Amino acid sequence: MALGAVPAGRSRDTAGAHGPPPVRGGGRAAEGGGARRGPRLRGLARTLLVEATARTGDAARLRDLVAGLARRTRNERDPLRTDLIAALARVPVRLLDDAFAGPLEEIAAAAVGARDSSPATRRRLRDLVGRVLAHSARPTLVRWAIGALARLVARHGTEVLDGHRLDRVLPRGRERDLVAELRPEPGDHVVVIALARALGRRAFALAGLQELLRAAVREAPEPLAREAAALWLADPAERERRAAALVAADASAIVLPEVWRVVAGRRTDLLLPALERSRTGRFGGPGGVPAIQPQHPGRWTPRQVGRVRELLASPAEPVDAGIAAVASLGRLPGCLDDLVARADGDGEPALAEAALEAMAAADRPAEALAVLLGHARGPRSAVAVAALARAAASVPPSRLGPVLAEALTGPGGTVAVRKQAARLIERLRVPGAAEALLRAWDDPGLHRDVRVAVAAALRRMPEDPRALAALDAAAGPYTSEQLLRTLFQVKPTEYAPAHRPAYAALVRRLGAAADGPGVRFRASKAFAAWARWYTGGFDAVLAAVADPADPAGDDELLVLNALVRAGSVAEEALGVLSALLAAEPGDRARSRIAAVAQAIGGLPAGHPNAPLSRRVVEMLAGHPLHLADAVDVALISARLTGGDASPERVAEELVALADLLRGRPVLASRVADRRLDHVLGGGGARGSGGPGRLLPAARALTGRDDAASHLLAVGVVRMGGLAAGWTGEWRDLLDGLRRSAHVEVRQDAWSVVPST
């Protein structure tokens, strides 16, 4: 056995009762005796051996095993160490006592110091150390874990700390032991920053580590200094004091986000001194104001606001800095005139567009709205139109309504402005919103794209009966493909139940006006969603579908089927089917008959129209040319694959099918070959009871004397016998069919070859 006395398939109970033998007595592959078998097999063997020994709960036996494996580890390849450490990391910590520190130290020394040490092995060792630190209280073992982590950092840098949350692993207070063991040097900024990041809030109480972070802020290269500053300022209790000290020592520190938040939001007494001082420091060049947030200016005095405004208004290089300055300018009170001047100027286009965007946050939104509307007709229309929505949200509705109405219906407006105005009128519901939209809708010269936007706005106002009534024109003079598509996208869940019948009637009228296959298809899909709430008349639909000579019935057929599925029509659908069956045979009549029959037959169980399927089968069976459709409906509506399809019901349905096919052996053979397997769920194996649920049907069909019954029996026996392995009664049934009085049955039965 490759694993000595520890077979891979041994159960937990067996391993727990007997346990694996010590390494010295077995497990040659785990020890390395199977070197020719490769390291992967030896690694697997050791993993299984450690796991099996751990399951015994015998700490002494596990300690002996680990000690033996540790002695071999120093001279082995890295993948074997990876497997061993991963297995040890899964051992319950309660089994590890202080005596394990020695063997684990050997394993850790080999994993850290080997030339082929891999990141994967070091991560596994870090995980093992983390489990020991988190769950063990044994002092010697804890000292080993802290030492192993320190050795990892000393030899391989901070990779083991990156992304590792020591504050979630270390018990309270152990962080001091870890820092004392690591002993980061004052100039080793990378280790200091990584350790502070890994300790999280635990680092706040470590005065020595905080001093090292402060030194890193002053001395580390600029990217590291920024991160060190963020960690040093993370302590809420010390943040204000430290931020003030940092700005006093280096004015360029004002650009650090953590410092700027303190200065701009709490220590506003430092605002102007910090901004006006020469800022040639290690964190940035001279000049410039960090990004102002909306909450900042409210904490400043008028003098501070004015001075910051002057600083922001001064030219800034490069362009990105200028764009940021303009955005901050828009958040200061009283700066709209400056933004207007920049937007109207002939300078850098990017700065002019930034000024338009900043106007949306200005403290005089009504005036800003007028300026934006003017620019919306110019070359910067895209930016101005986008800013319109943000500015409009801050304007009182009483002042906003006339402005948006004029933008929508007044002269000189661009398509983009009018579309945005329509959206905002509906979204903000300004006074007279419906009147403004209806006035635009009634304009015969309205651009088609604007009309689509107005229609989308009106359809969201069902509480006003004039809105949906006006949209009737979308089926008349204002119809267009894009308009119809927009109105067909509405879902019933967007409307309150009281408004759904009105929109269902609108969808019906719009569907009648749809032109083109794509739009008609969307119209049928839309009406299918709304058919449940349609309360209009059905006479036109029924008459069109019932008349094969009326081509409009092809489109109305989809409407009729939707009404059937919604339960809105029942007997009326049977009347249509009867009229089509009585009409002169033709392709159009046959296709409509099949569609209506399939719609009724495919209704789910429990649907109010589901019982109609029986009557559909009877109606179709009375016309020989439509017997195949009757069979399809009978098979679909029978639902013989569900859990409620008992063996008795399967037999009953198949006997009824045989009666339907009596005298039609060709059709019966086709059904047995092509349809039964799908209808019965793949040999009956997927139905409740397995192939045995088909036995009553096979017996009943075989016991009859007509060809149709025997042909169906061949199909049932073929499926059931194959699923059952031709055991029991299935072979006898097949032999009986091979002796049938009907030659077609004998031929089909002999074509079935049972497996032996």
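**Helix crossing**

I looked at α36 and α40 and found that their crossing is right-handed (the near helix is turned clockwise from the far one by less than a right angle). The contact (heavy atoms within 4.5 Å) uses Leu654, Leu657 and Ala658 of α36, and Ala708, Ser709, Leu712 and Val716 of α40. I sorted these contact residues into six nonpolar, one polar and no charged. Ala, Val, Leu, Ile, Met, Phe, Trp, Tyr, Cys and Pro count as nonpolar, Asp, Glu, Lys and Arg as charged, and the others, Gly among them, as polar.

This is a predicted model: local features need pLDDT of at least 70, side-chain atom pairs count only at pLDDT 80 or more, and totals for chains, interfaces and linings use all residues. Residues are numbered from 1 along each chain as its sequence is written, and side-chain values use heavy atoms, with hydrogens and water left out.

**Helix α36**

I noted the buried residues (under 20% relative accessible area, 1.4 Å probe, protein chains only): Val650, Ala651, Glu653, Leu654, Val655, Leu657 and Ala658. They pack against α34 (612-621), α35 (627-638), α37 (665-674), α38 (676-679), α39 (695-702) and α40.

**Histidine 164**

Is histidine 164 buried or exposed? It counts as buried, because its relative accessibility is 14%. I found histidine 164 in the loop between α8 (139-156) and α9 (174-182). Leaving aside neighbours within four places in sequence, histidine 164 is in contact with Arg126, Val169 and Ala198.

Note on methods. Helix = DSSP H or I, 4+ residues; strand = E, 2+ residues; numbered from the N terminus. Buried < 20%, exposed > 50% of the residue type's maximum accessible area, 1.4 Å probe, protein only.
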